Amino acid sequence: MEQRDRLTDWFRDYARVYVAFSGGLDSSTLLAAARRSSPDGSRPVTAVYTGGMLAPRGEEAEAARIAAETGVSFVTLRAGEEELADLLRNDRWRCYYCKKRKLSCILDWLGQYEAKLTGTSVLVDGSNADDQKDWRPGTKAKEELGVRSPFAELGLGKDDIRHLARQWHLSVAEKPSSPCLASRIAYDLAITPERLEQIDVAEAKLHEYGFDVVRFRVLTPDRARIEVAAHRVNELLELEQNEKILESLKQLGFREIEIDRDGFVSGKLNTFLR
């Protein structure tokens, strides 16, 4: 059985499907699979977006667009991360606290909404087999709450997911990963609205220069580092000489900003945990 058939078949035992949705490659492909598992619409699918201060600018609007494009219902909830002291402390378990808050928010909503419905439903997320290769404490929260992860259960990794997105001609097929803004802040450096705004503004500016893969990592209160795709590092270095990008970004409140010569690597801040 092909990957896409295994994936769509995964949903066969459920009357309704709810997807913890961000609008990224993984959750969008999972949403498409859930929708394709029932071409006649007899298995309703809902994309549930939990917005908040950790999301990059424009993410909610993009998520709503993709849900509409997929032909499913879209619901936005507010998880209230800004009230969660454990999360804002930003220790190595940050993603656990965040994931548990967001998924609990969805489950609370489902508990109220599902009381009006009958049949078996399931809440799924886009965690995949590759997540086991990195420090992903959010997995513990997902397991504690009983949220299912079809990609991980079927052994599908990021390359498999992108392949499926291309097969289905999804608009997100070439979309770079863009995790929450807090993932750019070094562990044990508190998450504040000001730091999140610095990151969001800096990355938006770099996107304006044409860099699609960008991480603006805050290492200390006054020191940051820029990562772009490895094959574009020299382009950024040349552009900096002519355009003085780093000088303009320092105006956000940084004394020192460096360009990572090795280029972007997902989860690079996690290397300090090993």
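This is a predicted model: local features need pLDDT of at least 70, side-chain atom pairs count only at pLDDT 80 or more; totals for chains, interfaces and linings use all residues.
Residues are numbered from 1 along each chain as its sequence is written, and side-chain values use heavy atoms, with hydrogens and water left out.

**A helix with a buried face**

Helices (H or I, at least four residues) and strands (E, at least two) are DSSP runs, numbered from the N terminus. Helix H3 covers residues 59–70, and at 1.5 Å a residue its 12 residues should span 16 Å, which agrees with the 16 Å between its end C-alpha atoms. The expected span here is 1.5 Å times one less than the number of residues.

Which residues of H3 are buried? They are Glu59, Ala63, Ile66, Ala67 and Thr70. Buried means under 20% relative accessible area, exposed means over 50%, and partly exposed lies in between (1.4 Å probe, protein chains only). Seen down the axis of H3, the buried residues fall within an arc of 100 degrees, so they line one face of the helix. That arc is taken from the directions from the helix axis to the C-beta atoms. On the other side of H3, you can find Ala61 and Ala68 exposed. The buried residues pack against helix H2 (25–36), strand E2 (45–51) and strand E3 (73–78), where contact means heavy atoms within 4.5 Å.

**An open sheet with helices across it**

Now look at the 3 strands that form an open sheet in the order E5-E6-E7, with mixed pairing. Two strands pair if DSSP finds at least two bridges between them. Strands E5 (214–220) and E7 (256–259) are the edge strands, each pairing on one side only. From one strand to the next, the twist averages 20 degrees. Strand E6 (residues 223–228) pairs with E7 in the parallel sense over 4 bridges, and Arg225 has Glu258 in E7 as its bridge partner.

Two helices lie across these strands. Helix H9 (residues 193–208) lies across E5 and E6 and runs at about 145 degrees to E5. Helix H10 (residues 233–243) lies across E6 and E7, at about 135 degrees to E7. For such angles, axes are lines fitted to C-alpha atoms, for helices over the stretch in contact, and the angles run from 0 to 180 degrees between N-to-C directions.

**Salt bridges**

Side chains of opposite charge can pair when their charged atoms come close. A salt bridge is a side-chain nitrogen of Lys or Arg within 4 Å of a carboxyl oxygen of Asp or Glu, and the structure holds 28 of them. The table shows three.

| Side chains | N to O distance |
|---|---|
| Arg136 and Asp131 | 2.8 Å |
| Glu144 and Lys140 | 3.1 Å |
| Glu247 and Lys250 | 3.5 Å |

Arg136 is partly exposed, at 37% relative accessible area, whereas Asp131 counts as buried at 13%. Glu144 and Lys140 are 4 residues apart in helix H6 (residues 138–145), so about one helical turn separates them. Glu247 and Lys250 both lie in helix H11 (residues 245–250), 3 residues apart, about one turn of the helix. Elsewhere, salt bridges that share partners join Asp222, Arg223, Arg255, Glu256 and Glu258 into one network.
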